[in-house]
Amino acid sequence: MLEQQRSRLWTVLTGAALLLIFVSLWRGFAALEYDWDFASLSEYIWLKEEQLPGLLITGLWGTLWVSALSICLGSVIGLCGGLILHSGNAFARSTIQVFVEIFRNTPVLVQLYVMYFVVASAFHMSAEQAGVATLSLFCGAYISELVRGTLLNLERGPQDAALSLGLTRWQTARHVVAPLALRRLMPSLVGQYVSLVKDSSLVSVISIVELTKSASNMVAISFKSFEVWFLVAVVYFMLNFMLSRIGQRIERRMSGDLHAA
Amino acid sequence: MTVAVELQDVRKSFVSKSSTTLALDSVHLQVQAGDVVTLIGPSGSGKSTCLRTINGLETITAGSIRIFGKSYGKAADAHILRRETAMIFQKFELFPHMNALENVALAPHLRLNMSRREALDRAEALLDRVGLKAHRMKYPRMLSGGQQQRVSIARALAVEPKILLCDEPTSALDPELVDEVLELLKSIAASGMTMIIVTHEMRFAREVSRTCHFFDAGRIVESGKTAEMLNQPQTPRLQAFLSSLKNL
């Protein structure tokens with residue numbers, strides 16, 4: 001088959017599939033005879049009388065700070081964990097390994113419950129502290145593995161060159177290993193951050209006010225579950241889409257010098 | 001004459017779970033200051049490993065290495081003794097995230113306590129010397145293999161080494177790019193630099209070095225004047241090695 005013919009076939013197939021999906025969705029919603037009313041959601045965005053942000057905005061703010069804090073703490077945990085996994089002594093390494101395995105092989109939801117009901121009670125932590133701690137550790141466990149893998153696969157050559165020129169191990173790490181490793185790490189790191197923002201919706205179960213929790217409240221008050229969840233999905237999407245785009249930007253800027261031919 | 005490098009009974013074994021490989025087996029080597037020495041031999045014979053032990057990139061299992069009379073102590077101090085040497089690698093190993101100028105300026109800036117400005121000035125002068133001044137702002141990816149190797153030579157010279165170690169400097173180059181690198185190395189040799197060169201280019205070995213050592217299976221099997229060795233090899237193994245090269 002010619003390349004052109006094959007490409008045309010794919011266009012036709014994809015078009016047909018899209019049409020099919022669109023038609024069935026249309027028919028399904030038409031059969032509901034639901035009266036979409038997005039306008040009534042405006043009071044959840046901004047309270048005109050009180051001049052205060054509505055539920056949606058306070059929720060979004062919650063998601064933002066919980067995610068940002070967990071990303072920062074998680075990155076620090078991940079960096080330290082990864083460095084220890086890569087070059088710590090055997091005991092430290094196995095300790096980190098156990099931590100990583102625990103957090104990677106249990107559901108975040110269960111981790112949140114354990115942290116909130118068990119650990120937080122023992123140490124008098126607030127729900128917010130428990131939630132951020134769980135997300136940070138969860139994120140840190142994954143980043144530890146990412147850092148370890150990146151360092152393991154980093155080519156030895158430039159490091160040897162730096163050492164052979166008489167740089168100390170620390171100078172080599174700072175000027176050669178770190179910049180190269182960070183460039184390699186960026187794509188998977190951004191993926192991890194995006195997935196953390198999504199997972200932050202789970203802290204709603206321990207009554208932290210964030211986007212998903214606010215949405216439940218909005219539904220409870222207004223009974224407009226269709227509109228609310230639809231809107232919330234769009235907000236999450238925009239948030240993460242922006243995050244990936246910023247990540248791609250940084251990535252491209254950092255690796256421009258590596259790939260430009 | 002002062003002795004620049006002295007290896008005494010150096011042994012190096014790589015231990016894996018299934019086996020122990022003896023990469024260097026009782027190697028004795030002495031290089032006088034100002035000498036140019038070539039190490040030849042088949043792949044895997046230990047010549048590159050030998051070179052890497054000299055600047056401490058490989059630790060040794062037994063024996064001693066002295067550089068101007070000083071030997072390597074703790075691994076953490078390796079960078080101090082390394083300051084006498086600099087190395088050129090088969091695959092150049094430039095820092096991919098820095099342009100040519102930064103590649104050359106990094107070590108002088110960090111190691112010789114030069115200001116950034118001074119280091120960049122020195123780098124520019126050295127890139128001029130290797131004929132790459134026009135390419136100083138380019139990143140390694142934008143340079144040909146020969147150009148990359150010349151940058152790496154400039155980078156090595158930038159730390160003012162007393163000994164230049166060259167690990168198969170032309171093996172990774174396209175044939176038409178080999179000469180520009182060899183000519184440069186010859187001019188450095190002519191300037192009186194002490195050099196130890198691992199090479200597969202017999203013609204180059206003959207032109208650049210007075211002394212030559214032939215490695216086979218981790219040992220130095222034959223040593224002598226380069227021209228004599230290559231014209232009249234004494235040991236059967238060197239004879240076999242040289243005739244295998246001629247068949248290529």
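Predicted model: local features only at pLDDT ≥ 70, side-chain atom pairs only at ≥ 80, totals over all residues.
**Where the chains meet**

Chain B brings 21 residues into contact with 21 residues of chain A. On the chain B side, two elements give two or more residues each: β6 (85-88) and α3 (100-111). The largest share, four residues, comes from α3(B). By class, the chain B side has 12 nonpolar, three polar and six charged residues.

**A buried helix in chain B**

How many of the 12 residues of α3(B) are buried? The count is 11, so α3(B) is largely enclosed by the rest of the structure. Among the buried residues are B:Leu101, B:Glu102, B:His109 and B:Leu110. The cover comes from both chains: it includes α8 (169-199) of chain A, along with α4 (116-129) and α5 (145-157) of chain B. Just after α3(B), B:Asn113 has a positive phi of about 55°.

**A helix pair in chain A**

Now turn to α3 (residues 55-87) and α9 (residues 211-222) of chain A. Their axes come within 7 Å and cross at roughly 160°. Angles over 145 degrees count as roughly antiparallel, so α3(A) and α9(A) are roughly antiparallel. Their crossing is right-handed. The table lists the residues that make the contact.

| Helix | Contact residues |
|---|---|
| α3(A) | A:Leu55, A:Leu56, A:Thr58, A:Gly59, A:Leu60, A:Gly62, A:Thr63 |
| α9(A) | A:Leu211, A:Lys213, A:Ser214, A:Ala215, A:Asn217, A:Met218 |

By class, this contact has six nonpolar, six polar and one charged residues.

Notes
Residues numbered from 1 in each chain as written. Chains lettered and ligands numbered in written order. Contact = placed C-beta atoms within 7 Å. Nonpolar A, V, L, I, M, F, W, Y, C, P; charged D, E, K, R; others polar. Axes fitted to C-alpha atoms, helices over the stretch in contact; angles between N-to-C directions. Parallel < 35°, antiparallel > 145°, perpendicular 65-115°, else oblique. Left-handed = near helix turned anticlockwise from the far one by under 90°. Buried ≥ 20, exposed ≤ 12 C-beta atoms within 10 Å, placed from the backbone.
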